[in-house]
Amino acid sequence: MNRLLSGLRWQGERGFAMLTGRWKTLRHSTISPTRIGDVVAAALHLTHFEYRYLSEAR
């Protein structure tokens, strides 16, 4: 059970690190906790779009 949880946790931690490293807005946000989900979802979509674009260009 512990291995399963740590296997799932690393994906979330890596995703959060990738988003906060790429989007400085997420590091210093003063938005309410109920609205931050929308901002994170938008950043995630933009990041996926960017990575897909970069991988096709190579």
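Please keep in mind that the model is predicted: local features need pLDDT of at least 70, side-chain atom pairs count only at pLDDT 80 or more, and totals for chains, interfaces and linings use all residues. Residues are numbered from 1 along each chain as its sequence is written, and side-chain values use heavy atoms, with hydrogens and water left out.

I begin with the overall picture. The chain holds two helices and zero strands; both are DSSP runs, with helices being H or I of at least four residues and strands E of at least two, numbered from the N terminus. Helix H1 covers residues 2-22, and helix H2 covers residues 36-57. Of the 58 residues, 9% count as buried. Here buried means under 20% relative accessible area, exposed means over 50%, and partly exposed lies in between, with a 1.4 Å probe and protein chains only. The accessible surface of the chain is about 5200 Å², and carbon and sulfur atoms account for 61% of that surface. These areas come from the Shrake-Rupley method with a 1.4 Å probe; for residues, only the protein chains shown count as cover.

I turn now to the charged side chains. How many salt bridges does a search of the whole structure find? The search finds three, a salt bridge being a side-chain nitrogen of Lys or Arg within 4 Å of a carboxyl oxygen of Asp or Glu.

One of them joins Glu-50 to Arg-22, with the closest N and O atoms 3.1 Å apart. This pair links distant parts of the chain, as Glu-50 lies in helix H2 and Arg-22 in helix H1, 28 residues apart. Glu-50 is partly exposed at 24% relative accessibility, and Arg-22 is partly exposed at 39%.

Glu-13 is partly exposed at 49%, as is Arg-9 at 48%.

Asp-38 and Arg-35 also meet in a salt bridge, at 3.0 Å, N to O. Asp-38 is partly exposed, with a relative accessible area of 46%, and Arg-35 is partly exposed at 48%.

Finally, the nonpolar surface. Met-1, Leu-4, Leu-5 and Leu-8 form a patch with about 470 Å² of accessible area together. Patches are made of residues with over 30% relative accessible area and no salt bridge, joining like charges within 9 Å and nonpolar side chains (Val, Leu, Ile, Met, Phe, Trp, Tyr) within 5 Å. Leu-8, in helix H1, is exposed at 51%.
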